[in-house]
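User: Hi! I'm new to this one, could you walk me through it?

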Amino acid sequence: MSRSLVCGVCGGSAAGKSTLVAAVADRLRERGIGSVVLAVDDYYRDHGHLTVDQRALVNYDHPDSLDLERYIDDLTALAAGRPVEVPVYDFSTHCRLDEVQRAGPQPVVLAEGILLLATPEVRRRLDLAVFVEAPEDLRLERRLRRDVEERGRTPESVRRQFAATVVPMYREFVAPYVKHADRVVDGTRDLATQAAQLADELAGRLEAG
């Protein structure tokens, strides 16, 4: 496969990035266009060497918590039409599993993560950069629901982490980089409509070559 079109979707935790990406992938599929999602969240470093209590103290919203070198390598490979093996991360234990998921190249690569635009090597690989905005109180509400229901966290631990690391890291590594976005999406609005518009733009770029 020749070079893929790379669309990056950035924004704060629980702003609506994953929902938007999934909807864009669906709209592209309806057009007969394949896509592959490469989420930065899959590239957290393994913390199996730490005790459970020590893992709870890790700042998971800082770039150092992520294997960004591997992410950049895999994004580069997918964009060039080569398959990659994506690590599998268990958010309930903060450990990387032994298994991997094979991701094959597609015409569109949908890169997704809070730190995409703060990472220059990633920014240089994006053909279209999208930033999803949502107010802090809504993001906390969504994160509470997700982490309690899907990741086995307690509401108290979610609120504590949100205040201690999520908010300050958002202000340092996420919000300032909206200036690098080509499109800003309102995470409080109907994401399906905005996803359809993004899919239309990506399809148009593919057709234009």
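Predicted model: local features only at pLDDT ≥ 70, side-chain atom pairs only at ≥ 80, totals over all residues.

User: Great. At roughly what angle do H1 and H7 cross?

Analyst: Helix H1 (residues 17-30) and helix H7 (residues 191-208) cross at roughly 55 degrees, and their axes come within 8 Å. H1 and H7 are therefore oblique to each other.

User: Is that crossing left-handed or right-handed?

Analyst: The crossing of H1 and H7 is right-handed.

User: Which residues meet there?

Analyst: From H1 you have Thr19, Leu20, Ala23, Val24, Arg27 and Leu28. They meet Leu191, Gln194, Ala195, Ala196, Leu198, Ala199 and Leu202 in H7. By class, the contact has 10 nonpolar, two polar and one charged residues.

User: And how do H5 and H6 cross, at roughly what angle?

Analyst: For helix H5 (residues 136-151) and helix H6 (residues 155-174), the angle is roughly 135 degrees, with axes that come within 10 Å. That makes H5 and H6 oblique to each other, and H5 passes H6 in a right-handed crossing.

User: What classes of residue are in the contact of H5 with H6?

Analyst: Its residues divide into nine nonpolar, one polar and six charged. Those in H5 include Arg139, Arg143 and Asp147, while Val158, Phe162 and Tyr170 are among those in H6.

User: Switching topic: where is Val130 found, and is Val130 buried or exposed?

Analyst: Val130 is in strand E6 (residues 128-133). Val130 is buried, because its relative accessible area is 0%, and under 20% counts as buried.

User: What does Val130 touch, leaving out residues up to four places away in sequence?

Analyst: Val130 touches Cys7, Gly8, Val9, Cys10, Leu20, Ala181, Arg183, Val185 and Leu198.

User: Nice. How far apart are Val130 and His180?

Analyst: In sequence they are 50 residues apart, and in space 8.8 Å, C-alpha to C-alpha.

User: One more: where does Ser65 lie?

Analyst: Ser65 is in the loop between helix H2 (52-55) and helix H3 (68-79). With a relative accessible area of 4%, Ser65 is buried.

User: What does the side chain of Ser65 reach?

Analyst: The Ser65 side chain reaches the backbone oxygen of Tyr60 at 3.2 Å. A polar atom of that side chain also lies 2.8 Å from the backbone oxygen of His62. Leaving aside neighbours within four places in sequence, Ser65 is in contact with Tyr44, Arg45, His47, Asn59 and Tyr60.

Terms used: Residues numbered from 1 in each chain as written. Heavy atoms only, no water. Axes fitted to C-alpha atoms, helices over the stretch in contact; angles between N-to-C directions. Helix = DSSP H or I, 4+ residues; strand = E, 2+ residues; numbered from the N terminus. Parallel < 35°, antiparallel > 145°, perpendicular 65-115°, else oblique. Left-handed = near helix turned anticlockwise from the far one by under 90°. Contact = heavy atoms within 4.5 Å. Nonpolar A, V, L, I, M, F, W, Y, C, P; charged D, E, K, R; others polar. Buried < 20%, exposed > 50% of the residue type's maximum accessible area, 1.4 Å probe, protein only. Polar contact = N/O pair within 3.5 Å; in protein donor to acceptor, adjacent residues only side chain to side chain.
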